[in-house]
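Open the model in your viewer and keep the selection panel at hand. We will go from one selection to the next.

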Amino acid sequence: METIVIDHQFQEVLSFSDAGFPIQYYVDNLNQWAEYQVPLHWHCGYEIFTALHQDIEVQAGQEHLILQKGESIFIRGGQLHSYRMTEPGRICLCPNIVFTEEVLAPAAGTVFKKYFSPVLNNPALPYIILRGNKLWQTTLTEHLFKIYALLAANVPENHSDCGAIKPLQSDCPEIEVHQNLVSIFKILYSHQQELPHTQPGRPDQHSQIRLQKMLRYIQAHFPEEISLDRLAASAGIGRSEAGRCFKKYYARSPMSYVTLYRIKYAQELLVKTSLSVSEIAVRCGFKDSSYFIKVFRKYLSRTPSEYRNEYFKPQDYR
(Lines give C-alpha, C1' and ligand atoms only; values in the text may rest on other atoms or scores of the structure.)
Protein backbone atom coordinates (compact mmCIF):
# COMPACT_ATOMS: atom_id res chain seq x y z
CA MET A 1 0.00 0.00 0.00
CA GLU A 2 1.33 3.42 -0.96
CA THR A 3 0.69 5.89 1.83
CA ILE A 4 0.74 9.66 1.64
CA VAL A 5 2.68 11.48 4.33
CA ILE A 6 1.09 14.90 4.80
CA ASP A 7 2.46 17.68 6.94
CA HIS A 8 0.56 20.26 8.98
CA GLN A 9 -0.24 22.37 5.90
CA PHE A 10 -1.86 19.53 3.90
CA GLN A 11 1.44 19.32 1.99
CA GLU A 12 2.55 15.88 0.92
CA VAL A 13 6.10 15.21 2.06
CA LEU A 14 7.72 14.01 -1.15
CA SER A 15 10.36 11.32 -1.07
CA PHE A 16 12.31 10.46 -4.22
CA SER A 17 14.21 7.19 -4.44
CA ASP A 18 16.96 9.09 -6.29
CA ALA A 19 17.38 12.68 -5.13
CA GLY A 20 19.54 13.35 -8.17
CA PHE A 21 16.68 12.32 -10.49
CA PRO A 22 13.54 13.64 -8.74
CA ILE A 23 10.68 11.75 -10.30
CA GLN A 24 8.64 9.10 -8.49
CA TYR A 25 6.17 6.54 -9.83
CA TYR A 26 3.16 5.51 -7.76
CA VAL A 27 0.11 3.32 -8.22
CA ASP A 28 -2.79 4.51 -6.08
CA ASN A 29 -5.26 1.75 -5.30
CA LEU A 30 -8.32 3.79 -4.35
CA ASN A 31 -10.00 0.67 -2.94
CA GLN A 32 -7.61 0.94 0.00
CA TRP A 33 -8.54 4.47 1.04
CA ALA A 34 -11.29 5.50 3.45
CA GLU A 35 -14.34 6.49 1.40
CA TYR A 36 -12.35 5.34 -1.65
CA GLN A 37 -10.60 8.69 -1.81
CA VAL A 38 -6.98 9.83 -1.79
CA PRO A 39 -7.20 12.68 0.75
CA LEU A 40 -6.96 16.32 -0.22
CA HIS A 41 -3.30 17.35 -0.30
CA TRP A 42 -0.73 19.38 -2.21
CA HIS A 43 2.97 19.28 -2.94
CA CYS A 44 5.56 21.49 -4.58
CA GLY A 45 6.17 18.85 -7.22
CA TYR A 46 4.10 18.48 -10.38
CA GLU A 47 1.83 15.46 -10.87
CA ILE A 48 0.33 13.51 -13.76
CA PHE A 49 -2.39 11.03 -12.77
CA THR A 50 -4.23 8.50 -14.98
CA ALA A 51 -7.72 7.01 -14.57
CA LEU A 52 -6.77 3.55 -15.77
CA HIS A 53 -9.81 1.39 -14.92
CA GLN A 54 -12.78 3.66 -14.28
CA ASP A 55 -13.93 7.28 -14.13
CA ILE A 56 -12.39 9.22 -11.25
CA GLU A 57 -13.78 12.22 -9.38
CA VAL A 58 -11.04 14.83 -9.09
CA GLN A 59 -10.93 17.87 -6.85
CA ALA A 60 -8.47 20.51 -8.03
CA GLY A 61 -8.56 23.50 -5.70
CA GLN A 62 -12.24 24.19 -5.17
CA GLU A 63 -13.24 22.73 -8.53
CA HIS A 64 -14.72 19.24 -8.89
CA LEU A 65 -14.54 17.37 -12.20
CA ILE A 66 -14.74 13.88 -13.69
CA LEU A 67 -11.68 12.28 -15.22
CA GLN A 68 -13.01 9.65 -17.59
CA LYS A 69 -11.53 6.16 -17.91
CA GLY A 70 -8.34 6.35 -19.95
CA GLU A 71 -7.82 10.08 -19.40
CA SER A 72 -4.96 11.68 -17.50
CA ILE A 73 -4.63 14.97 -15.65
CA PHE A 74 -1.65 17.22 -15.06
CA ILE A 75 -1.77 19.02 -11.69
CA ARG A 76 0.34 22.13 -11.22
CA GLY A 77 2.63 22.31 -8.18
CA GLY A 78 1.07 23.87 -5.08
CA GLN A 79 -2.48 22.95 -6.18
CA LEU A 80 -4.75 21.27 -3.60
CA HIS A 81 -6.13 18.07 -5.12
CA SER A 82 -7.72 14.72 -4.32
CA TYR A 83 -9.06 11.67 -6.17
CA ARG A 84 -12.13 9.51 -5.52
CA MET A 85 -13.24 6.37 -7.34
CA THR A 86 -16.74 6.39 -8.85
CA GLU A 87 -17.45 2.65 -8.85
CA PRO A 88 -16.58 1.11 -5.45
CA GLY A 89 -15.96 -2.59 -5.57
CA ARG A 90 -14.32 -2.53 -8.97
CA ILE A 91 -10.58 -2.55 -9.59
CA CYS A 92 -9.16 0.94 -9.38
CA LEU A 93 -5.39 1.14 -9.84
CA CYS A 94 -4.29 4.62 -10.90
CA PRO A 95 -0.69 5.11 -12.07
CA ASN A 96 0.82 8.54 -11.54
CA ILE A 97 4.12 10.36 -11.41
CA VAL A 98 5.28 13.23 -9.22
CA PHE A 99 8.36 15.19 -10.25
CA THR A 100 10.17 18.49 -9.84
CA GLU A 101 11.48 20.86 -12.50
CA GLU A 102 15.05 19.60 -12.03
CA VAL A 103 14.21 16.38 -13.87
CA LEU A 104 13.44 18.47 -16.98
CA ALA A 105 16.04 21.24 -16.99
CA PRO A 106 17.73 23.70 -14.60
CA ALA A 107 15.00 26.05 -13.36
CA ALA A 108 17.24 29.09 -13.82
CA GLY A 109 18.19 28.16 -17.37
CA THR A 110 16.86 29.47 -20.68
CA VAL A 111 15.26 26.18 -21.77
CA PHE A 112 13.14 25.90 -18.61
CA LYS A 113 12.14 29.57 -18.55
CA LYS A 114 11.31 29.71 -22.28
CA TYR A 115 9.59 26.38 -22.88
CA PHE A 116 8.64 24.59 -19.66
CA SER A 117 7.65 27.35 -17.25
CA PRO A 118 4.85 28.76 -19.49
CA VAL A 119 3.05 25.42 -19.05
CA LEU A 120 4.23 24.23 -15.64
CA ASN A 121 3.83 27.52 -13.79
CA ASN A 122 0.97 29.22 -15.60
CA PRO A 123 -1.66 30.25 -13.00
CA ALA A 124 -4.29 30.01 -15.75
CA LEU A 125 -3.45 26.29 -16.10
CA PRO A 126 -3.97 24.89 -12.59
CA TYR A 127 -4.62 21.53 -14.25
CA ILE A 128 -4.72 20.09 -17.77
CA ILE A 129 -6.92 17.14 -18.74
CA LEU A 130 -5.31 14.90 -21.37
CA ARG A 131 -8.18 13.23 -23.23
CA GLY A 132 -6.49 11.61 -26.22
CA ASN A 133 -9.20 12.82 -28.64
CA LYS A 134 -6.60 14.58 -30.79
CA LEU A 135 -3.49 13.15 -32.42
CA TRP A 136 -1.12 15.27 -30.35
CA GLN A 137 -2.82 14.17 -27.14
CA THR A 138 -2.60 10.52 -28.21
CA THR A 139 1.12 10.97 -28.85
CA LEU A 140 1.51 12.66 -25.46
CA THR A 141 -0.26 9.76 -23.75
CA GLU A 142 2.08 7.30 -25.43
CA HIS A 143 5.05 9.18 -23.96
CA LEU A 144 3.37 9.15 -20.53
CA PHE A 145 2.78 5.39 -20.53
CA LYS A 146 6.34 4.85 -21.68
CA ILE A 147 7.46 6.74 -18.56
CA TYR A 148 5.14 4.64 -16.39
CA ALA A 149 6.54 1.43 -17.87
CA LEU A 150 10.17 2.50 -17.45
CA LEU A 151 9.64 3.52 -13.82
CA ALA A 152 7.53 0.42 -13.09
CA ALA A 153 10.59 -1.69 -13.82
CA ASN A 154 11.99 -0.52 -10.46
CA VAL A 155 8.87 -1.50 -8.48
CA PRO A 156 9.45 -4.66 -6.36
CA GLU A 157 7.79 -7.71 -7.87
CA ASN A 158 6.00 -8.49 -4.61
CA HIS A 159 4.39 -5.07 -4.49
CA SER A 160 0.61 -5.47 -4.41
CA ASP A 161 -0.02 -3.00 -7.26
CA CYS A 162 2.93 -3.72 -9.52
CA GLY A 163 0.66 -5.20 -12.21
CA ALA A 164 -0.98 -1.90 -13.13
CA ILE A 165 1.57 -1.19 -15.87
CA LYS A 166 3.77 -3.76 -17.62
CA PRO A 167 7.39 -2.89 -16.78
CA LEU A 168 9.77 -1.90 -19.56
CA GLN A 169 13.44 -2.69 -19.05
CA SER A 170 16.06 -0.31 -20.40
CA ASP A 171 19.83 -0.02 -20.37
CA CYS A 172 19.48 3.72 -19.74
CA PRO A 173 16.07 4.28 -18.06
CA GLU A 174 16.84 7.78 -16.73
CA ILE A 175 17.69 9.02 -20.23
CA GLU A 176 14.52 7.53 -21.69
CA VAL A 177 12.33 8.89 -18.88
CA HIS A 178 13.87 12.33 -19.37
CA GLN A 179 13.39 12.18 -23.14
CA ASN A 180 9.74 11.19 -22.84
CA LEU A 181 8.99 13.79 -20.16
CA VAL A 182 10.61 16.52 -22.26
CA SER A 183 8.53 15.34 -25.23
CA ILE A 184 5.34 15.68 -23.17
CA PHE A 185 6.03 19.29 -22.29
CA LYS A 186 7.31 20.11 -25.76
CA ILE A 187 3.91 18.97 -27.07
CA LEU A 188 2.03 20.97 -24.42
CA TYR A 189 4.12 24.06 -25.20
CA SER A 190 3.41 23.70 -28.93
CA HIS A 191 -0.34 23.35 -28.31
CA GLN A 192 -0.73 25.69 -25.34
CA GLN A 193 -3.21 27.88 -27.23
CA GLU A 194 -5.55 24.88 -27.42
CA LEU A 195 -5.42 24.25 -23.69
CA PRO A 196 -8.46 25.37 -21.65
CA HIS A 197 -7.14 28.33 -19.69
CA THR A 198 -9.04 29.55 -16.64
CA GLN A 199 -9.26 32.99 -15.12
CA PRO A 200 -6.95 32.85 -12.11
CA GLY A 201 -9.05 33.35 -9.01
CA ARG A 202 -7.89 35.31 -6.03
CA PRO A 203 -6.86 32.77 -3.41
CA ASP A 204 -8.66 32.97 -0.09
CA GLN A 205 -5.53 33.23 2.02
CA HIS A 206 -7.45 33.73 5.26
CA SER A 207 -9.37 30.47 4.87
CA GLN A 208 -6.25 28.54 3.87
CA ILE A 209 -4.25 29.84 6.84
CA ARG A 210 -7.08 29.02 9.24
CA LEU A 211 -7.44 25.56 7.73
CA GLN A 212 -3.71 24.96 8.07
CA LYS A 213 -3.78 25.93 11.74
CA MET A 214 -6.64 23.51 12.43
CA LEU A 215 -4.89 20.73 10.51
CA ARG A 216 -1.76 21.32 12.57
CA TYR A 217 -3.87 21.00 15.73
CA ILE A 218 -5.47 17.75 14.51
CA GLN A 219 -2.11 16.21 13.67
CA ALA A 220 -0.73 17.14 17.09
CA HIS A 221 -3.76 16.05 19.14
CA PHE A 222 -5.64 13.36 17.18
CA PRO A 223 -4.93 10.65 19.81
CA GLU A 224 -6.70 12.88 22.35
CA GLU A 225 -10.30 14.00 22.65
CA ILE A 226 -10.91 16.82 20.15
CA SER A 227 -13.94 19.07 20.37
CA LEU A 228 -15.12 21.51 17.71
CA ASP A 229 -14.64 24.37 20.17
CA ARG A 230 -10.99 23.47 20.77
CA LEU A 231 -10.38 22.95 17.07
CA ALA A 232 -11.86 26.33 16.16
CA ALA A 233 -9.93 28.01 18.98
CA SER A 234 -6.66 26.67 17.56
CA ALA A 235 -7.25 28.96 14.57
CA GLY A 236 -8.69 31.84 16.60
CA ILE A 237 -12.13 31.53 15.01
CA GLY A 238 -15.63 30.42 15.95
CA ARG A 239 -17.34 27.09 15.31
CA SER A 240 -19.28 28.27 12.25
CA GLU A 241 -16.17 29.73 10.57
CA ALA A 242 -14.30 26.48 11.24
CA GLY A 243 -17.08 24.60 9.47
CA ARG A 244 -17.00 27.01 6.53
CA CYS A 245 -13.23 26.61 6.07
CA PHE A 246 -13.44 22.81 5.98
CA LYS A 247 -16.47 22.63 3.72
CA LYS A 248 -14.94 25.12 1.29
CA TYR A 249 -11.93 22.93 0.60
CA TYR A 250 -12.90 19.53 1.92
CA ALA A 251 -16.69 19.38 1.50
CA ARG A 252 -17.15 17.92 4.98
CA SER A 253 -17.38 18.99 8.61
CA PRO A 254 -14.28 19.48 10.77
CA MET A 255 -15.13 16.55 13.06
CA SER A 256 -15.72 14.29 10.08
CA TYR A 257 -12.22 15.13 8.91
CA VAL A 258 -10.85 14.30 12.38
CA THR A 259 -12.40 10.84 12.10
CA LEU A 260 -10.99 10.29 8.62
CA TYR A 261 -7.53 11.40 9.74
CA ARG A 262 -7.66 8.86 12.57
CA ILE A 263 -8.78 6.15 10.15
CA LYS A 264 -5.96 7.02 7.75
CA TYR A 265 -3.39 6.76 10.55
CA ALA A 266 -4.93 3.47 11.67
CA GLN A 267 -4.57 2.10 8.12
CA GLU A 268 -0.86 2.82 8.21
CA LEU A 269 -0.43 1.14 11.61
CA LEU A 270 -2.38 -1.91 10.46
CA VAL A 271 -0.17 -2.52 7.42
CA LYS A 272 3.16 -1.37 8.86
CA THR A 273 3.12 -2.67 12.44
CA SER A 274 2.11 -5.74 14.42
CA LEU A 275 0.22 -3.70 17.05
CA SER A 276 -3.08 -5.21 18.16
CA VAL A 277 -6.38 -3.69 17.06
CA SER A 278 -6.95 -2.49 20.63
CA GLU A 279 -3.55 -0.78 20.76
CA ILE A 280 -4.17 0.90 17.41
CA ALA A 281 -7.57 2.13 18.55
CA VAL A 282 -5.97 3.89 21.54
CA ARG A 283 -3.14 5.36 19.48
CA CYS A 284 -5.63 6.78 16.97
CA GLY A 285 -7.91 8.47 19.49
CA PHE A 286 -10.87 6.08 19.53
CA LYS A 287 -12.54 5.61 22.90
CA ASP A 288 -12.54 1.81 22.68
CA SER A 289 -11.80 -0.96 20.20
CA SER A 290 -15.48 -1.77 19.58
CA TYR A 291 -16.18 1.80 18.46
CA PHE A 292 -12.99 1.80 16.37
CA ILE A 293 -14.07 -1.38 14.57
CA LYS A 294 -17.53 0.07 13.93
CA VAL A 295 -16.19 3.33 12.46
CA PHE A 296 -13.47 1.56 10.45
CA ARG A 297 -16.07 -0.78 8.91
CA LYS A 298 -18.29 2.21 8.07
CA TYR A 299 -15.57 3.91 6.03
CA LEU A 300 -13.74 0.91 4.56
CA SER A 301 -16.44 -1.78 4.39
CA ARG A 302 -14.24 -4.22 6.31
CA THR A 303 -12.99 -4.66 9.86
CA PRO A 304 -9.45 -3.62 10.85
CA SER A 305 -8.43 -7.29 11.03
CA GLU A 306 -9.84 -7.97 7.56
CA TYR A 307 -8.02 -4.92 6.23
CA ARG A 308 -4.74 -6.08 7.76
CA ASN A 309 -5.14 -9.58 6.33
CA GLU A 310 -5.79 -8.11 2.89
CA TYR A 311 -2.98 -5.56 2.70
CA PHE A 312 -0.31 -6.43 5.25
CA LYS A 313 2.81 -7.63 3.40
CA PRO A 314 5.86 -7.51 5.68
CA GLN A 315 8.30 -7.86 2.79
CA ASP A 316 7.14 -4.54 1.34
CA TYR A 317 8.30 -2.57 4.39
CA ARG A 318 11.70 -3.96 5.29
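The tour covers a helix pair, then salt bridges.

This is a predicted model, where local features need pLDDT of at least 70, side-chain atom pairs count only at pLDDT 80 or more, and totals for chains, interfaces and linings use all residues. Residues are numbered from 1 along each chain as its sequence is written, and side-chain values use heavy atoms, with hydrogens and water left out.

Select helix α6 (residues 239-250) and helix α7 (residues 254-272): their axes come within 8 Å and cross at roughly 60°. Now show the contact (heavy atoms within 4.5 Å). From α6 come Ala242, Gly243, Phe246 and Tyr250; from α7, Pro254, Tyr257 and Leu260.

Next, the salt bridges (a side-chain nitrogen of Lys or Arg within 4 Å of a carboxyl oxygen of Asp or Glu). The structure holds 11.

Pick arginine 252 and glutamate 35; their closest N and O atoms are 2.4 Å apart in a salt bridge. Arginine 252 sits in the loop between α6 and α7, glutamate 35 in the loop between β1 (23-29) and β2 (37-41), so the pair ties together parts 217 residues apart in sequence. Arginine 252 is buried at 11% relative accessible area; glutamate 35 is partly exposed at 23%. Buried means under 20%, exposed over 50%, partly exposed in between (1.4 Å probe, protein chains only).

Move to lysine 264 and glutamate 268, a salt bridge at 2.9 Å between the closest N and O atoms. Both lie in helix α7, 4 residues apart, and both are buried.

Finish with Arg210, Glu241 and Arg244, linked in a network of salt bridges.

Technical notes:
Axes fitted to C-alpha atoms, helices over the stretch in contact; angles between N-to-C directions. Helix = DSSP H or I, 4+ residues; strand = E, 2+ residues; numbered from the N terminus.
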